[in-house]
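Hi,

Here is the structure I promised to pass on. Have a look at it first, and then read on for what turned up.

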Amino acid sequence: MKKSSDRKRGVRAPEPLDVLHNLLKLGNRLNAPFSEHLEKRYRVTMNEFRVIMLIGRQKTAVSHELAEISGVTTMSISRAVTSLERKGWITSRADPENRRRKILRLSKDGARLYKKMLPTADKVATYLFTSLQSDEILAFNAYMEKLIHSLEARDERGRSIFIEKTRPDG
């Protein structure tokens, strides 16, 4: 990981565990405005929030697409969808081309909730990047996409390479 130019200048590359810690901390800090401003006020879980925001942006979706886009497990998305249907914030109907798929949409109440929560999400995104220049934002996004691609890679049998390579010994 260390470049020879870094060693010459006395710059020490951070250890991978340090970078992982920072990445996890970043995620936790990003969740704070959600917990502080939205969760209690609207009685919505983080996964419900994710589902509402994704459907709100896309207009329609199916559960497995939401899981893929968000990186959240299918089971967690399924629980959020069930809860949101019970609360009357999303509706579902069978896909006419594949009766096993449910097409999800925000209900009128769900669309109102989306519009109420969207400004907070926008403020979080805007604040997050205020300390970066546009070229740094582009580079950061490129690095994230590269890492996500690596984490989502599958082997010839369809298994997650990341999960297989990080399996505990023994």
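A quick word on terms before the strands: two strands pair if DSSP finds at least two bridges between them, and helices (H or I, at least four residues) and strands (E, at least two) are DSSP runs, numbered from the N terminus. Also, this is a predicted model, in which local features need pLDDT of at least 70 and side-chain atom pairs count only at pLDDT 80 or more, while totals for chains, interfaces and linings use all residues. Residues are numbered from 1 along each chain as its sequence is written, and side-chain values use heavy atoms, with hydrogens and water left out.

Strands first. β1 (residues 90-95) and β2 (residues 98-106) run antiparallel and are joined by six bridges. They make a hairpin with two residues between them. If you want a pair to click on, Arg-93 has Ile-103 in β2 as its bridge partner.

Next, the core. By nonpolar core I mean a set of buried Ala, Val, Leu, Ile, Met, Phe, Trp, Tyr and Cys residues joined through side-chain atoms within 4.5 Å. Buried is under 20% relative accessible area, exposed is over 50%, and partly exposed is in between (1.4 Å probe, protein chains only). The largest such core has 26 residues, and those with the most contacts inside it are Val-44, Phe-49, Val-51, Ile-52, Ile-55, Leu-66 and Met-117. At least two residues of this core come from each of α2 (16-42), α3 (46-58), α4 (63-70), α5 (74-87), β2 and α6 (108-128). The biggest share is from α3, with seven residues. As for Val-51, leaving aside neighbours within four places in sequence, its contacts (heavy atoms within 4.5 Å) are Leu-66, Ile-77, Ala-80, Val-81 and Leu-84.

Then there is Ser-107, in the loop between β2 and α6. Ser-107 counts as buried because its relative accessible area is 12%. Not counting residues up to four places away in sequence, Ser-107 touches Gly-88, Trp-89, Ile-90 and Thr-91. A polar atom of the Ser-107 side chain lies 2.5 Å from the backbone oxygen of Gly-88. That makes a polar contact, meaning a pair of N or O atoms within 3.5 Å; within protein, one must be able to donate a hydrogen and the other to accept it, and residues adjacent in sequence count only if both atoms are side-chain atoms.

Arg-43, in the loop between α2 and α3, has a positive phi of about 50° although it is not a glycine. Lys-59, in the loop between α3 and α4, also has a positive phi, near 80°, and is a residue other than glycine. Arg-43 counts as exposed because its relative accessibility is 67%, and Lys-59 counts as exposed at 58%.

Last, helix α7 (residues 134-152), which holds Ile-148.

Cheers
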